[in-house]
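Please look over the sequence and the structure before going on.

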Amino acid sequence: MPIVQTESEHKSPVNGSYFARVNPADGGCLLEKYSEKYRDFGFALLANLFASEGQHGKVIEVKAKRRTGKLNFVTCMRQTLEKHYGDKAVGMGGTFIIQKGKVKTHVMPAEFSSCPLNSEEEVNKWLNFYEMKAPLICLPVFVSKDPGFDLRLEHTHFFSHHGEGGHYHYDTTPDIVEYLGYFSPAELLYRIDPPEETHSYGRD
Ligand SMILES: [Zn+2]
């Protein structure tokens, strides 16, 4: 869950990132702050990141209570943008809090798979799935449609102050779930180091 403030004239850098991994001892989730101690973990695999100057200004507030359809919170916003803007790709990022309810989530094992994962099924077998409870602080990045960069259209990781964190799939408590989020539209899209051979699984 990368959340970083870079150094500027009046502010020193802050790395507020967390990471979650499967606890090899009991199969539970281990959420830890990304500190100097873990510097060598570096950055691997993939990430969808939203960068802003962190200045004051207008943002978009979205509040939602009760889920009546099948789609998750982010997919609803993404598809709404796509319906409105059509072929024009609109990217957004920000923060939302799941204030009530539970979510289905996954966490990666401590070690990467020793063999290639060649299907959605193999990826899901390797990942560990959990149900985690509110309040959860989520860091979404989403694009209304792929303008041809082989993008993952939405990606949301979350952390909490009660030891849970992971990759957000959807809430499992539609009747009581509550979301509150703040978002900004993006001005530029950068696609860095795309894979030479691509595939479509593991993108939700
Ligand atoms: Zn993820």
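The model is predicted. It contains an open sheet of eight strands, ordered 5-12-6-9-10-11-7-8, with antiparallel pairing. Its edges are strand 5 (60–65) and strand 8 (128–133), each of which pairs on one side only. On average, neighbouring strands of this sheet are turned by 30° against each other, direction ignored. Strands of a sheet pair through backbone hydrogen bonds, in either a parallel or an antiparallel sense.

Lys 65 has Glu 178 in strand 12 as its bridge partner.

Helix 1 (residues 73–85) lies across strand 5, strand 6 (91–100), strand 9, strand 10, strand 11 and strand 12. Helix 1 runs at about 30° to strand 9.

## The nonpolar core

The largest nonpolar core has 29 residues. Phe 96, Ile 98 and Tyr 168 have the most contacts inside this core. Two or more residues each come from strand 3 (18–22), helix 1, strand 6, strand 7 (102–107), strand 8, strand 9, strand 10 and strand 12. Strand 9 gives the largest share, five residues.

Which residues does Tyr 168 touch, leaving aside its neighbours within four places in sequence? Its contacts include Phe 96 and Ile 98. Also among them are Asn 72, Phe 73, Val 74, Val 103, Lys 104, Thr 156, Phe 158 and Tyr 179.

## The zinc site

A zinc ion has three protein donors: His 155 (NE2), His 157 (NE2) and His 167 (ND1), lying 2.0 to 2.1 Å from it. The donor residues are spaced H-x1-H-x9-H in sequence. His 157 lies in strand 10 and His 167 in strand 11 (residues 166–171), so the pair ties together parts that are ten residues apart in sequence.

His 157 has a relative accessibility of 25% and counts as partly exposed. His 167, with a relative accessible area of 3%, is buried. His 106 stands opposite His 167 in strand 11.

## Ser 144

Ser 144 is found in the loop between strand 9 (136–143) and strand 10 (154–159). Is this residue, Ser 144, buried or exposed? Its relative accessible area is 1%, under the 20% limit, so Ser 144 is buried. Leaving aside neighbours within four places in sequence, Ser 144 is in contact with Arg 78, Leu 81, Glu 82, Lys 88, Ala 89 and Val 90.

## Tyr 182

Tyr 182 is found in strand 12. With a relative accessibility of 36%, Tyr 182 counts as partly exposed. Beyond its neighbours within four places in sequence, Tyr 182 is in contact with Val 59, Ile 60, Glu 61, Gly 93, Gly 94 and Thr 95. With Glu 61 there is a polar contact between the two side chains, at 2.6 Å.

Tyr 182 and Ser 114 are 68 residues apart in sequence. In space, they are 39 Å apart, C-alpha to C-alpha.

Note on methods. Residues are numbered from 1 along each chain as its sequence is written. This is a predicted model: local features need pLDDT of at least 70, side-chain atom pairs count only at pLDDT 80 or more; totals for chains, interfaces and linings use all residues. Side-chain values use heavy atoms; hydrogens and water are left out. Helices (H or I, at least four residues) and strands (E, at least two) are DSSP runs, numbered from the N terminus. Buried means under 20% relative accessible area, exposed over 50%, partly exposed in between (1.4 Å probe, protein chains only). Contact means heavy atoms within 4.5 Å. Donors are N, O and S atoms within 2.8 Å of the metal (3.2 Å for Na, K and Ca); water is not among the atoms, so sites may look incomplete. Two strands pair if DSSP finds at least two bridges between them. Axes are lines fitted to C-alpha atoms, for helices over the stretch in contact, and angles run from 0 to 180 degrees between N-to-C directions. A nonpolar core is a set of buried Ala, Val, Leu, Ile, Met, Phe, Trp, Tyr and Cys residues joined through side-chain atoms within 4.5 Å. A polar contact is a pair of N or O atoms within 3.5 Å; within protein, one must be able to donate a hydrogen and the other to accept it, and residues adjacent in sequence count only if both atoms are side-chain atoms.
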